[in-house]
Amino acid sequence: MKASVDPDRCAGHGDCVSTCPDVFAWTADGYAEAVLDEIPDQYQDLVAKAVQDCPEHAISAQG
Ligand code: SF4
């Protein structure tokens, strides 16, 4: 699975960083980015939750 954050949609609420800080981190500008290229199995449920809970629908995960 791969995850990405659309920088045009992210509003910096931080829900994803709280939900799965091993995958999502703050950028210098105060938005979020996915910091792992390939999501390990143990984080896939949390990434799915982050996708579902993002208020801006800015996160996509595939694979
Ligand atoms: S939850 Fe969505 S809007 Fe909030 S920081 Fe993460 S990607 Fe950005």
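Modeller: Contact here means heavy atoms within 4.5 Å. By that rule Ala58 touches Ser4, Val5, Asp6, Arg9 and Cys10, with residues up to four places away in sequence not counted.

Colleague: What should I know about the model and its numbering?

Modeller: The model is predicted, so local features need pLDDT of at least 70 and side-chain atom pairs count only at pLDDT 80 or more, whereas totals for chains, interfaces and linings use all residues. Numbering runs from 1 along each chain as its sequence is written, and side-chain values use heavy atoms, with hydrogens and water left out.

Colleague: Why is Ala58 called buried?

Modeller: Buried means under 20% relative accessible area, exposed means over 50%, and partly exposed lies in between (1.4 Å probe, protein chains only). Ala58 has 5% relative accessibility, so it counts as buried.

Colleague: Where is Ala58 found?

Modeller: In the loop between H2 and E4. Helices (H or I, at least four residues) and strands (E, at least two) are DSSP runs, numbered from the N terminus.

Colleague: What makes Ala11 partly exposed?

Modeller: Its relative accessibility is 41%, so Ala11 falls in the middle class. Ala11 has its place in the loop between E1 and H1. Beyond four places in sequence, Ala11 touches Tyr31 and Glu56. The C-alpha atoms of Ala11 and Tyr31 are 6.6 Å apart.

Colleague: And His57: is it buried or exposed?

Modeller: Exposed, because its relative accessible area is 56%. His57 is in the loop between H2 and strand E4 (59–62). His57 also has a positive phi of about 50 degrees, although it is not a glycine.

Colleague: Which class does Tyr43 fall in?

Modeller: Buried: the relative accessible area of Tyr43 is 19%, so it passes the cut-off. Tyr43 is in the loop between strand E3 (32–34) and H2. Past its neighbours within four places, Tyr43 touches Cys20, Asp22, Val23 and Leu36.

Colleague: Why is Ala61 called partly exposed?

Modeller: Ala61 has a relative accessible area of 32%, so it belongs to the class in between. Ala61 lies in strand E4. Setting aside residues within four places in sequence, Ala61 contacts Met1, Lys2, Ala3, Val47 and Val51.

Colleague: What makes a set of residues a nonpolar core?

Modeller: The members are buried Ala, Val, Leu, Ile, Met, Phe, Trp, Tyr and Cys residues, joined through side-chain atoms within 4.5 Å. The largest one has 17 residues; Val5, Cys16, Val23, Phe24, Ile39, Val47 and Ile59 touch the most other members. Strand E1 (2–5), helix H1 (15–19) and helix H2 (44–53) each supply at least two residues of this core.

Colleague: Which residues does Cys16 touch?

Modeller: Outside four places in sequence, Cys16 touches Pro21, Phe24, Ala32, Ala50 and Ile59.

Colleague: How many residues surround the ligand?

Modeller: There are 13, and the closest are Cys10, His13, Gly14, Cys16 and Cys54. A residue qualifies if one of its heavy atoms lies within 4 Å of the molecule. The shell has eight nonpolar, three polar and two charged residues. Ala, Val, Leu, Ile, Met, Phe, Trp, Tyr, Cys and Pro count as nonpolar; Asp, Glu, Lys and Arg as charged; the others, Gly among them, as polar.

Colleague: Where does the ligand sit?

Modeller: In the largest cavity. A cavity is a set of points, on a 1 Å grid over the protein atoms alone, where a 1.4 Å probe fits but cannot get out. A molecule sits in one if more than half of its atoms lie within 2 Å of its grid points.

Conventions
1 Å grid on protein atoms, 1.4 Å probe; cavity = no way out; pocket = protein on both sides within 12 Å on 5 of 7 lines; lining within 4 Å.
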